[in-house]
Amino acid sequence: MASKQELIDKIQTIAKRVYAAKTKDNTLGITPDDVQLDNELFPVLVKFPILKKAITNLLTDQYESFISDIQWVAPRPTTFKIILANEQPFYLIYTERSWIAQVEGKKYYLLNINEEERAAESIARMLRYGSKAEPEKTELGEIPTGGEIPSDETVPETPAPEGEITPSAGEEVPEEVPA
């Protein structure tokens, strides 16, 4: 019978040999069969292949360059929010007869070729908008809005017309009572 220490030594050497062989052969832990070069950028398209066909009809096979995300937003009617590279969204709605593209609030029924072309033109127009512009900040770091005056400037007081009494800060003005 082997002693306890001999068994520990045998197990350690076998473990080192097996571990060394695994790390030499496969450093990432994946096999070449696991790697697929045609992985889909948008997982929703794997689940809904007819959506991919609708998108390629509107944007060509190079749609991946122009779309940043595809979200499934409603189950019935099945609605997808397609977010373009410039953060502008449009919607594709699946119906029994055809797809409906809702671009900038206008609906295009993609069964009709003329409307499909108009939808593609509208999406191209949206792509020309570019990315959303950030509002410019003032020196104080505040974003100016219409009609507001930055806080470091004082507003000159206008004098009251003659004969009118203006209240001081904290005073209430009594209402006139007709005689």
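**Reading a helix and its neighbours**

Q: What covers the buried residues of α3?
A: The cover includes α2 (43-47), β1 (67-74), β2 (79-84), β3 (89-94), β4 (99-103) and α4. Helices (H or I, at least four residues) and strands (E, at least two) are DSSP runs, numbered from the N terminus. This is a predicted model, where local features need pLDDT of at least 70, side-chain atom pairs count only at pLDDT 80 or more, and totals for chains, interfaces and linings use all residues. Residues are numbered from 1 along each chain as its sequence is written, and side-chain values use heavy atoms, leaving out hydrogens and water.

Q: Okay, which residues in α3 are buried?
A: Buried means under 20% relative accessible area (exposed is over 50%, partly exposed in between; 1.4 Å probe, protein chains only). Here you'd list L51, A54, I55, T56, L58 and L59.

Q: How do α3 and α4 cross?
A: Two packed helices are described by the angle and the distance between their axes. Axes are lines fitted to C-alpha atoms, for helices over the stretch in contact, with angles from 0 to 180 degrees between N-to-C directions. For α3 (residues 49-59) and α4 (residues 113-128), the axes come within 8 Å and cross at roughly 75°. So α3 is roughly perpendicular to α4 (under 35 degrees is roughly parallel, over 145 roughly antiparallel, 65 to 115 roughly perpendicular, the rest oblique).

Q: Which residues meet there?
A: Contact means heavy atoms within 4.5 Å. From α3 you get N57, L58 and L59, and they meet E116, A119, A120 and I123 of α4.

Q: And what follows α3?
A: That's T60, with a positive phi near 75°.
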